[in-house]
Amino acid sequence: MKTVARQMFRTCNKLFSRKTLNDVVEAHPSIIETAAQIDNIQHLTSPSHNTSVRDSIHHMEAVMERAHHGGGWLLSGIICINILILGCALVSGSAFNSVAITAVHRQIFLIILLLLTMSWMLFYTVFTSRKDEAVSFKDGHAGPAWLRAGLLLFGLLSLIMDIFKIATAVGYLHCDSAVKVAFPVVQAVFLFVQTYFLWIHVKDCVQLHTNFTRCGLTLTLSTNLVVWMAAVTEESLHQTDIPDLNYNVSQKMYRASFVNKKCNCSYSACYTFKEASYYLYPFNIEYSLFASAMAYVMWKNVGRLVDDHSHHKVKFRIKDACLGPLTGVLLVVAGLATFIVYEVDIETGDVKKTDKALLIHFIMNIVIVSMMSLSTVIGCIIYRLDYREHVSEKNPTRSLDVGLLVGASLGQFIISYFTIVAVVATEARGYLNALNLTWALLTVLQLGLQNYFIIEGLHREPFHVMQEAALHTNSHAFQEHPEIIIVQESHKSSYFLTSSRDKPSWKRRVLKEVCAFLLLANIILWIMPAFGARPQFDHPIEIKFYKVSMWTAIVNIGLPFGIFYRMHSVASLFEVYVIS
């Protein structure tokens with residue numbers, strides 16, 4: 001038996017040694033774990049370690065046994081898909097009055113999901129994570145400080161939103177369902193539990209109860225996505241103004257379906273709490289997406305073996321950039337001013353003031369996306385001049401960042417292209433139509449350039465890592481030849497021993513200026529649609545072309561993804577700034 005086991009070890013060693021990590025990555029996740037652990041076994045059996053061959057063989061046999069039990073990936077995926085589809089059906093059905101599904105039914109479903117998710121989180125915290133060898137490795141890239149700080153901030157604002165919703169629902173308790181009070185209460189408790197769970201365990205690479213953990217993480221992921229869908233639906237319908245083609249009437253779809261005229265609030269502050277809660281919906285939406293992303297990374301890291309020293313810490317210093325932040329702040333202030341004017345003029349319902357508000361809004365957005373496109377082109381040129389190696393290690397966090405960036409940008413792409421088709425097909429005249437078309441074209445250009453700039457920046461080796469590698473190499477060369485000063489040069493790049501982090505080169509400074517400006521510009525482009533700017537409905541050209549039902553569906557599906565894209569771009573640009 002011992003001879004057979006040793007032969008198995010040699011055979012597996014030969015098989016896996018023929019493949020590089022990039023080749024194995026495309027295999028089944030359980031095989032990836034097997035390859036990684038066999039690599040560890042090879043290190044353990046090296047002369048530098050006093051580990052017996054017998055222990056290594058038993059370890060390998062356990063790994064091979066686990067490789068054949070990868071059903072947790074499939075089962076967890078099935079659970080996630082079913083919850084998402086059912087949640088999507090209930091959320092969509094409860095948005096209309098003509099069906100029997102009401103907001104109460106949707107909230108009951110959400111309460112069940114929240115309670116199940118909290119139960120699993122408590123089980124993981126109390127039992128799984130405290131077992132020996134349950135969390136032997138941690139992913140240094142997962143859950144960076146800025147992401148956890150954002151989760152905490154958005155969670156706090158979401159908690160305030162739930163308090164406002166509780167206060168509102170209590171006022172209608174005498175004539176409405178008690179579920180509308182229970183749901184924000186349960187959601188508030190869920191915010192506490194989940195924020196604590198993700199803050200503590202987001203870096204865990206779980207090695208115990210892997211199948212159950214995978215199912216629990218996909219439950220967490222799907223629960224947050226269903227909560228996100230519910231919040232997006234409520235906020236979108238609340239903000240959706242659909243004027244008739246004669247500009248005579250403007251109706252709020254959401255208020256017609258939400259307010260029960262036969263049920264009056266028991267105190268006068270109900271309306272104030274209700275309206276205040278809607279201003280906090282964007283933060284609750286972002287919280288759910290942040291939590292979903294962190295749960296996904298944890299799911300990818302289940303059973304994964306990583307090097308604890310593979311993550312290099314970097315520091316954020318604003319003094320490295322000056323012009324970019326200053327210009328960005330001015331742009332944010334100007335954007336906020338025009339946004340306030342837009343909201344005030346639109347609320348009046350006057351045709352002349354509406355046209356004036358649209359004119360200012362279109363011009364401001366054209367200026368923003370034009371400056372962003374120009375600065376992105378400058379950044380891409382610097383990329384060509386300042387060559388750095390691309391990161392080759394497997395990183396689920398980085399893959400998720402890129403996937404979310406490209407996927408979320410599709411929402412804004414869809415709205416822009418539909419606008420272009422509508423304006424060109426109808427041969428619409430007038431300065432508002434011309435500005436609307438220009439804005440759509442420039443948005444398409446800006447999205448493409450920014451996606452390339454961010455993805456290229458995220459995949460480049462951090463500058464300080466390249467510098468440390470050059471210093472390490474040169475120190476060995478200097479020991480062998482102390483009579484000369486070694487300076488590494490190549491046809492693509494050069495890193496000098498005399499370079500200092502306190503005095504970055506002009507190319508690094510330009511990249512930081514570009515990142516800082518784009519970061520602030522994306523913030524103002526997130527604020528305007530997130531807090532109620534809907535020129536897609538205030539300017540009727542698309543409604544005339546696509547009709548009300550189709551255009552409403554396009555905007556209410558694409559715009560939430562566009563809003564998330566801007567917030568996710570802010571996070572990605574911050575990371576590109578830090579590693580530049």
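Rings of Phe, Tyr and Trp (for Trp, its six-membered ring) are taken to pair if their centres lie within 6.5 Å, and planes under 30 degrees apart count as stacked, over 60 as edge-to-face and the rest as tilted. Ring pairs of this kind link Phe 154, Phe 283, Phe 290, Trp 526 and Phe 531 into a cluster.

The model is predicted, with local features needing pLDDT of at least 70 and side-chain atom pairs counting only at pLDDT 80 or more, while totals for chains, interfaces and linings use all residues. Residues are numbered from 1 along each chain as its sequence is written, and side-chain values use heavy atoms, leaving out hydrogens and water.

Of the 580 residues of the protein, 51% count as buried, a term for under 20% relative accessible area, with exposed meaning over 50% and partly exposed in between (1.4 Å probe, protein chains only).

The structure holds 22 aromatic pairs. In one of them, the ring centres of Tyr 278 and Tyr 281 are 5.4 Å apart and the planes stand at 20°, so this pair is stacked. Tyr 278 has 6% relative accessibility and therefore counts as buried, and Tyr 281 is buried too, with a relative accessible area of 3%. Phe 545 and Tyr 546, by contrast, form an edge-to-face pair, at 4.8 Å centre to centre and 90° between the planes; here Phe 545 is partly exposed, with a relative accessible area of 34%, whereas Tyr 546 counts as buried at 10% relative accessibility.
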